[in-house]
Amino acid sequence: MKILIVEDEKELAQDMEKYLSGENYVCEVAADFKQASEKISIYDYDCILLDLMLPNGSGLDLLELLKQQKKQDGVIIISAKNSIEDKVKGLQIGADDYLAKPFHLSELSARIHSLIRRKQFTGSNIIQQNEITIDLLGKTVKVNNLEINLTKKELDLLLFFIGNKNRVLSKGALAEHLSGDIADMFDNHDFIYAHIKNLKKKLTDAGYGNYIKTIYGTGYKWEV
Amino acid sequence: MGSMKNLLQKQLKPLTVFAFIVFALSIPTYFLLVNWIWLKELDENNKLIAQRIENEFNEQHISEEKLAGSIAFWNDIQSVGKIEPVLKTFRKDSVYTIRKQNRYSKQEDIDQFRILITNVKINNGNFTLTIETNMEENEETVAYIAIVTLLFFLILVVGFWVLNKRLSQKLWQPFRNTLEKLKSFDLTTQQTVSFDKTDIEEFEELNQSLQKLIDKNISVYNQQKTFIENASHELQTPLAVLKSKMDLLLQNKNITNEQSEILSAIELPLARMTRINKNLLLLAKIENNQFADKENIEVTELINETLELLTDYISAKQITVNKNLAETLTLTCNKTLLEILISNLFINAIVHNVENGKINIDFSAKTLTVSNTGKTALDNKKIFDRFSVSSSKTANSGLGLAIVKEICNRYGWHINYSFENNFHSFSVQF
């Protein structure tokens with residue numbers, strides 16, 4: 001899977017590249033408008049991470065360019081501006097998702113995962129992970145063909161873990177994923193513990209291996 | 001404002017006092033003057049009468065015996081004067097004033113008379129002639145003068161008042177116009193004030209100075225706003241880098257327990273910083289009117305949706321929520337802003353609550369009241385100021401209520417805080 005990171009902040013681009021590279025993704029970085037437009041014209045990407053404020057141009061113009069060239073690349077806008085107009089405009093021109101800076105890399109990874117899954121969607125939308133089968137359309141989860149009943153939040157968590165395999169996820173990142181912007185307003189995300197405990201119990205009861213590990217002091221990890 | 005007086009009253013009072021003193025002083029002065037003229041005229045008159053009487057008697061050419069009878073008869077029938085024989089003449093005429101009871105009046109009726117006693121020679125005999133003329137009593141003169149003076153004083157004061165009022169209506173009109181404009185001026189709307197031209201130099205100068213002051217204020221305010229917006233924008237990127245570095249660092253397999261504790265300790269202030277920055281940006285955006293578009297929103301629905309989002313945080317603190325959503329109200333406003341307003345109130349009620357505490361949500365009569373268990377009342381004046389209740393131990397950004405207030409201001413809603421029976425209570429009247 002090829003991902004293009006269009007981001008002028010070098011450190012941030014590097015971090016994204018590093019985090020995503022472990023997940024079967026091949027990442028390329030474009031640091032300005034010119035580089036980005038060249039790469040977009042020549043290659044096809046599964047996903048483009050697009051910063052809106054670029055040296056010598058706007059990310060929105062790159063979106064226009066993609067549209068003109070009738071490209072099917074998935075686009076996630078990552079912007080520090082976090083303005084509603086930009087978001088609406090970006091999504092109208094053809095972006096698939098919008099993520100406001102600052103964000104957790106795990107959130108980005110989960111969004112990419114979900115975007116690529118949607119793009120590849122052909123008839124059925126089923127995720128297979130070891131003994132687990134998730135039907136995203138029917139919202140059903142089966143372990144060894146045995147259906148288990150997850151709450152919406154537990155399903156969200158499960159998908160988030162699967163989108164971030166072998167990654168340590170902080171409680172903050174998990175809370176942000178579940179509660180969105182509102183999580184920013186709290187310091188205490190202990191409720192995550194209860195959801196994870198329930199999820200773990202339901203999965204292990206159905207005979208699923210204990211893949212969710214607690215990492216001391218920091219968070220959780222889906223280890224496969 | 002009890003002791004406040006308007007300009008007109010202030011001006012009128014000393015003028016009135018001064019006029020009163022002048023008029024009061026004029027009363028004795030007029031009296032003395034009138035009295036002096038009065039006495040002079042009466043003395044002259046008495047003298048003329050005396051001369052005429054003397055002449056009349058002398059022109060009769062009657063004998064001494066008959067004269068004595070005539071004088072006695074004359075003395076009897078008239079009250080103007082009295083003729084008495086004397087041996088020796090006075091050196092000088094005598095004039096004086098006397099007061100006596102009216103003989104023909106039954107009540108007490110004091111009259112004042114001017115008397116002249118002079119020497120007359122009738123048929124070579126020496127006589128004294130006493131002439132008395134009734135004159136106005138002193139107190140009556142004073143009273144009449146006082147009444148007239150008072151009348152004029154009143155006319156003057158009323159005149160002052162009317163004139164002043166008319167003049168001030170006209171003269172101060174530009175000032176009042178300026179005042180009205182100043183009252184309606186609101187820095188946050190950034191609309192400059194244009195004062196009406198006036199041909200009064202002082203007011204024109206005042207207007208120009210105010211114009212300068214306002215323009216300067218708007219410019220400073222704008223600079224400050226732009227600064228805050230730019231500063232928080234600039235902070236977004238380093239914050240994003242920090243956050244991503246943290247995420248990467250967490251992936252390190254060789255982290256010791258001690259290090260991981262430090263890491264999670266860094267996450268807290270980082271989250272707080274992100275929060276403050278986000279809220280500052282939000283405030284700047286609200287002030288910049290970047291949430292202008294409106295739509296119809298069912299408030300109760302939005303309240304329930306917001307509560308749903310917060311369920312995890314509410315149950316984590318084992319808070320009981322009591323809802324009473326009687327009102328069905330559809331507002332036309334910006335959805336994002338209303339969402340922020342409602343969620344900030346709820347978040348506030350959760351963050352500042354105690355374990356096993358309570359939150360009461362009441363929506364009736366167009367008023368949303370959110371109250372939560374608390375210990376001590378907060379300062380009503382400062383509570384909506386930025387960073388006024390910020391403390392390191394709570395998770396707040398110090399901006400949540402400032403944002404609520406700003407949104408309320410935008411739409412002209414009223415927000416109120418009260419503390420009763422250990423409950424903090426915030427109510428927004430839509």
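**Interface of chain B and chain A**

The contact (heavy atoms within 4.5 Å) takes 40 residues from chain B and 41 residues from chain A. This is a predicted model, in which local features need pLDDT of at least 70 and side-chain atom pairs count only at pLDDT 80 or more, whereas totals for chains, interfaces and linings use all residues. Residues are numbered from 1 along each chain as its sequence is written, chains are lettered from A in the order in which they are written, and side-chain values use heavy atoms, with hydrogens and water left out.

**Area and pairings across the interface**

- The area buried between chain B and chain A, that is, the accessible area (1.4 Å probe) that the two parts lose on being put together, summed over both, is about 3800 Å², and carbon and sulfur atoms give 57% of that area.
- The rule for a salt bridge (a side-chain nitrogen of Lys or Arg within 4 Å of a carboxyl oxygen of Asp or Glu) finds 7 across the interface of chain B and chain A.
- Asp187(A) forms a salt bridge with Arg275(B), where the closest N and O atoms are 2.9 Å apart.

**The side of chain B that touches chain A**

- Helices (DSSP runs of H or I, at least four residues, numbered from the N terminus) α5 (201–250), α6 (257–287), α7 (299–316) and α8 (335–351) of chain B each supply at least two residues of the side that touches chain A.
- The largest share of that side, 12 residues, comes from α5(B).

**Ser260(B)**

- Ser260(B) is found in helix α6 of chain B and is buried (under 20% relative accessible area, 1.4 Å probe, protein chains only), with a relative accessible area of 4%.
- Leaving aside residues up to four places away in sequence, Ser260(B) touches Tyr216(A), Gly217(A) and Thr218(A), as well as Ile255(B).
- The side chain of Ser260(B) reaches the backbone oxygen of Tyr216(A) at 2.8 Å.
- Ser260(B) and Leu249(B) are 11 residues apart along the chain, and their C-alpha atoms are separated by 9.6 Å.

**Chain A as a whole**

- Of the 224 residues of chain A, 53% count as buried.
- Among the contacts in chain A with a separation of 6 or more, residues 24 or more positions apart account for 60%.
- Chain A exposes about 9900 Å² (accessible area from the Shrake-Rupley method with a 1.4 Å probe), of which carbon and sulfur atoms supply 48%.

Technical notes
Buried means under 20% relative accessible area, exposed over 50%, partly exposed in between (1.4 Å probe, protein chains only). A polar contact is a pair of N or O atoms within 3.5 Å; within protein, one must be able to donate a hydrogen and the other to accept it, and residues adjacent in sequence count only if both atoms are side-chain atoms.
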